[in-house]
Amino acid sequence: MEPTRGKSLCVPFESDEHYAVCVADPESFRQQLTAVCGHHPELFPASIDEGLVLHDKRWSSKQQLRLRRLARKATAGVFLVRPSFLLPSMVGRTEAVEKALSLRHWGVPFDALVSVFGRDAMSWYRAEMALGRPAIVGSTVKQPETLPGHVLADEKHTWALGQEVSVPTTVGGGGLLGATVAEAASADALEAAYGACAQEARALSPTSSPKTVCTDGWEGTQSAWKRLFPTGGILRCCLHSVLKIAERCGRDRATRRLVLDRVWTVYDSGTRAQCSQRLRRLRAWATAGLPEGPLRQMVRKRCGKGPQFARAYRFPGAHRTSNALDRLMNHQDRRLYAMRSLHGTPDAARLAMRAMALQWNFHPYGARTRRDDPTRRSPFHDLNGFEYHPNGLHNLLIASSMGGRKL
């Protein structure tokens with residue numbers, strides 16, 4: 001499902017009272033928009049330099065609130081200005097749902113939200129699904145230069161209405177840059193799924209191309225990324241090969257420790273030449289020191305793929321293991337388990353995964369993370385170096401102004 005290309009500008013105001021004063025006075029309203037645009041022009045249309053004029057006023061019968069619209073001089077396009085304390089489509093107030101959606105981020109069922117916050121399960125479901133409509137990349141990354149140059153990609157396997165599906169997931173800079181649902185794991189299906197993330201990145205920066213993409217050994221994943229970004233380096237995750245070797249060690253702890261210590265020594269190599277040298281020594285040791293069987297075969301197989309792993313040394317800062325991806329996919333796994341997998345139509349399933357991704361990108365870090373590093377606030381803050389609002393949901397709504405796209 002394509003993200004919405006909304007024509008709603010979400011703008012922060014100090015309070016409801018401040019908004020009421022500004023919306024009643026055209027000059028105050030214009031001054032507030034000018035001040036916000038001066039600090040955050042990315043929240044406004046691309047042709048903002050050509051001028052915006054106040055178009056008209058509208059009355060929201062849902063929220064009993066007056067709203068203003070702007071007209072773009074260049075194309076006469078009209079944009080609704082929505083304060084961040086209102087949800088999209090005027091379905092409710094931000095403060096009325098932000099605590100419930102915060103709990104929903106951690107997998108609290110809709111029925112439990114009903115017992116605490118009232119309403120009904122379907123209203124909370126619709127509120128969460130609405131978060132998945134903006135562009136993930138455009139909402140999460142606000143400047144082209146902050147697009148992560150090194151990303152990771154893998155597929156989470158789950159179920160939707162009794163059918164096994166894949167959730168192609170792209171991670172970069174600690175945030176989820178893409179998450180959708182594919183009915184197959186073929187190269188063509190994965191290219192279309194990962195292509196949604198690539199399309200959003202190119203909307204932010206037409207020349208966008210990751211330097212490297214770290215994946216597992218699945219040929220369909222690697223082929224899809226090669227087609228999408230022919231100039232990007234496709235790297236193979238070292239961790240998957242180590243885990244396969246560990247499985248062949250069985251319950252022999254001494255052998256397991258001995259073999260894995262040698263394998264991780266190869267990973268700790270400082271240069272490509274040193275990595276190649278340690279791989280040759282590992283192969284010789286495995287041939288002479290390990291008995292014939294699956295373990296020796298897997299170690300030798302790991303050594304035979306040395307050039308694929310050593311390629312990462314050409315790209316400083318590239319991901320050599322999928323740890324940064326696995327941590328976020330573990331969160332996906334917990335959410336999907338709590339949901340008993342995906343439900344509804346294919347479009348609803350995609351919206352659910354997109355909403356899950358954006359909730360992660362804007363969720364505030366816990367007390368332990370903030371205590372260890374007080375400068376860190378959320379994945380969005382890590383990527384951009386700032387926040388629009390200290391409240392996570394306000395921050396998400398403002399960042400997704402115009403559907404997360406530069407119109």
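**Exercise 1.** Determine which ring R104 lies over, and at what distance from the ring centre.

*Solution.* The criterion comes first: a charge sits over a ring if NZ of Lys or CZ of Arg is within 6 Å of the ring centre and within 35 degrees of the ring normal. R104 lies over the face of F110, at 3.9 Å from the centre of that ring. A further case is R320, whose charged end is placed over the ring of Y267, 4.1 Å from its centre. The model is predicted, so local features need pLDDT of at least 70 and side-chain atom pairs count only at pLDDT 80 or more, while totals for chains, interfaces and linings use all residues. Residues are numbered from 1 along each chain as its sequence is written, and side-chain values use heavy atoms, with hydrogens and water left out.

**Exercise 2.** Classify the ring pairs that Y388 forms with F380 and with F386.

*Solution.* A pair of aromatic rings is described by the distance of the centres and the angle of the planes. Rings of Phe, Tyr and Trp (its six-membered ring) pair if their centres lie within 6.5 Å; planes under 30 degrees apart count as stacked, over 60 as edge-to-face and the rest as tilted. For F380 and Y388, the centre-to-centre distance is 5.8 Å and the planes are 40 degrees apart, a tilted pair. For F386 and Y388, the centres are 5.1 Å apart and the planes stand at 85 degrees, so this pair is edge-to-face.

Burial is the next step, where buried means under 20% relative accessible area, exposed over 50%, and partly exposed in between (1.4 Å probe, protein chains only). Y388 has a relative accessible area of 10% and is therefore buried; F380 is buried as well. F386, at 21%, is partly exposed.
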